[in-house]
Amino acid sequence: MSTKDFVEKDYYKVLGVPKDATEAEIKKAYRKLAREFHPDANKGDASAEARFKEISEANDILGDAKKRKEYDEARALFGNGGFRPGPGGGGGSFNFDLGDLFGGTHPGAGGGAGGGFGGGLGDVFGGLFNRGGAGAGTGTRIQPRRGQDIESEVTLSFTEAVDGATVPLRMSSQAPCKACSGTGDKNGTPRVCPTCVGTGQVSRGSGGGFSLTDPCADCKGRGLIAETPCDICKGSGRARSSRTMQVRIPAGVADSQRIRLRGKGAPGERGGPAGDLYVVVHVDAHPVFGRKDDNLTVTVPVTFAEAALGADIKVPTLNGPPVTLKLPPGTPGGRTMRARGKGAVRKDGTRGDLLVTVEVAVPTELNDKAREALELFREATESEDPRSALFESAKGA
């Protein structure tokens with residue numbers, strides 16, 4: 001990410017959320033947009049792919065509390081277009097390169113008087129831009145480059161989501177070209193870019209008395225130029241790579257949850273760290289069980305006699321033996337009981353509960369003996385009107 005991106009990109013606008021959006025609101029907005037613009041759902045649509053990358057970049061910053069704090073502080077510091085001189089500073093404005101602020105030295109920024117601003121803000125922005133402080137502007141040190149973040153999706157069965165599963169993921173990403181060992185040069189001997197002197201970045205004036213830093217157009221931000229471009233990667237040093245990885249999905253994962261696997265993305269360049277892998281999990285529905293946070297849910301039919309007189313009823317569990325619950329006499333339909341420890345796995349390894357909702361089953365056909373028994377029951381209880389309280393409440397309202 002260049003300094004220009006940092007100053008000009010409004011990641012809140014990209015996700016369509018206000019600046020005071022909560023973590024949950026940011027996550028919800030990202031998931032909605034990611035599904036809409038995901039390359040798998042927009043085959044061959046370059047604009048959708050670009051939009052998806054922009055959305056992912058915004059989420060990478062705003063979805064991380066530390067990066068979001070650094071981004072907000074950086075925007076507050078530089079978002080107004082530059083520094084203005086204080087009292088007695090004359091009619092001009094400070095003329096400096098933002099490279100001085102992002103760590104490292106810069107020509108003319110020595111330790112003597114008038115030696116610039118040093119590197120005091122490197123700690124503020126280092127994490128946000130993945131930039132080191134030392135040697136950022138020395139001109140001869142080629143900086144490592146972090147690998148690309150990758151996003152993938154996986155669909156699990158309901159049981160796999162509750163118990164956890166190891167699934168194969170086939171991923172495609174940019175990786176160092178094997179033909180030229182990532183140098184971009186057929187002979188493996190690229191030269192340092194004379195334009196950016198190996199930094200991969202160039203400065204330009206933007207008004208307001210200071211400069212902005214952009215990726216070098218001549219070396220495309222690599223800091224190196226291939227004398228004899230590699231036939232495979234055409235001098236970029238990167239080539240498309242596919243690989244299959246066995247990924248462990250933790251127990252208790254929820255539908256639409258986004259899992260971050262650090263260092264499992266695309267390999268870095270010139271000794272740089274690998275990117276991260278983000279896995280969006282989709283969970284198929286179960287014909288019997290549902291889920292509410294860490295608890296599983298199930299609806300169990302009971303007879304009128306069981307509900308009225310009470311009974312011990314057997315209830316199924318997910319991948320385990322049934323449990324027996326005691327149904328108290330007079331249990332109404334819709335009441336929920338709890339089977340402790342029979343739910344989904346929590347992060348600490350314990351389990352939630354199984355929430356059992358009782359549903360009184362009304363028979364559609366009766367034999368003569370059952371009909372006679374119910375007629376006798378109706379005669380015995382005809383003085384009771386279960387709707388009397390309902391009408392009284394209606395009158396009162």
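## An aromatic cluster, salt bridges and a surface patch

Tyr11, Tyr12 and Tyr71 form one aromatic cluster. The model is predicted, so local features are reported at pLDDT of at least 70 and side-chain atom pairs at pLDDT 80 or more, while totals for chains, interfaces and linings use all residues. Residues are numbered from 1 along each chain as its sequence is written, and side-chain values use heavy atoms, with hydrogens and water left out.

**The chain as a whole**

The chain holds ten helices and 16 strands. These elements are DSSP runs numbered from the N terminus: helices are H or I with at least four residues, and strands are E with at least two. Of the 397 residues in the chain, 37% are buried. Buried means under 20% relative accessible area, exposed means over 50%, and partly exposed lies in between (1.4 Å probe, protein chains only). Accessible areas come from the Shrake-Rupley method with a 1.4 Å probe; for residues, only the protein chains shown count as cover. Among contacts with a separation of 6 or more, 63% are between residues 24 or more positions apart. A contact means heavy atoms within 4.5 Å.

**The aromatic cluster**

Rings of Phe, Tyr and Trp (its six-membered ring) pair if their centres lie within 6.5 Å; planes under 30 degrees apart count as stacked, over 60 as edge-to-face and the rest as tilted. By this rule there are three aromatic pairs. In one of them, the ring centres of Tyr11 and Tyr71 are 5.1 Å apart and the planes stand at 50°, so the pair is tilted. Tyr11 belongs to helix H2 (residues 11-15) and Tyr71 to helix H5 (residues 65-78), so this pair ties together parts that are 60 residues apart in sequence. The rings of Tyr12 and Tyr71 have their centres 6.2 Å apart and their planes at 40°, so this pair is tilted. Tyr12 is in helix H2 and Tyr71 in helix H5, so the parts tied together here are 59 residues apart in sequence. Both Tyr11 and Tyr71 are buried. The relative accessible area of Tyr71 is 2%. Tyr12 counts as buried because its relative accessibility is 4%.

**Around helices H3 and H4**

The charged end of Arg51 sits over the ring of Phe37, 5.2 Å from the ring centre. For this, NZ of Lys or CZ of Arg must be within 6 Å of the ring centre and within 35 degrees of the ring normal. His38 lies in the loop between helix H3 (23-37) and helix H4 (46-62). With a relative accessibility of 9%, His38 counts as buried. Apart from neighbours within four places in sequence, His38 is in contact with Phe52 and Glu153.

**Salt bridges**

A salt bridge is a side-chain nitrogen of Lys or Arg within 4 Å of a carboxyl oxygen of Asp or Glu. The whole structure has 17 salt bridges. The table gives some of them.

| Salt bridge | N to O distance |
|---|---|
| Glu49 and Lys53 | 3.8 Å |
| Arg146 and Asp149 | 2.9 Å |
| Arg146 and Asp276 | 3.2 Å |

Glu49 and Lys53 both lie in helix H4, four residues apart, which is about one turn of the helix. Glu49 is partly exposed at 38% relative accessible area, and Lys53 is partly exposed at 49%.

Where do Arg146 and Asp276 lie? Arg146 is in the loop between helix H6 (122-129) and strand S2 (150-156), and Asp276 is in the loop between strand S9 (258-261) and strand S10 (277-283), so the pair ties together parts that are 130 residues apart in sequence. Arg146 is partly exposed, with a relative accessible area of 26%. Asp149 counts as partly exposed at 24%, whereas Asp276 counts as buried at 5%. A network of salt bridges links Asp64, Arg146, Asp149, Arg260 and Asp276.

**A nonpolar patch**

On the surface, Phe304, Leu366, Leu374 and Phe377 form a nonpolar patch with about 350 Å² of accessible area together. Patches are made of residues with over 30% relative accessible area and no salt bridge: like charges are joined within 9 Å, and nonpolar side chains (Val, Leu, Ile, Met, Phe, Trp, Tyr) within 5 Å. Phe377 is found in helix H9 (residues 368-380). The relative accessible area of Phe377 is 42%, so Phe377 is partly exposed.
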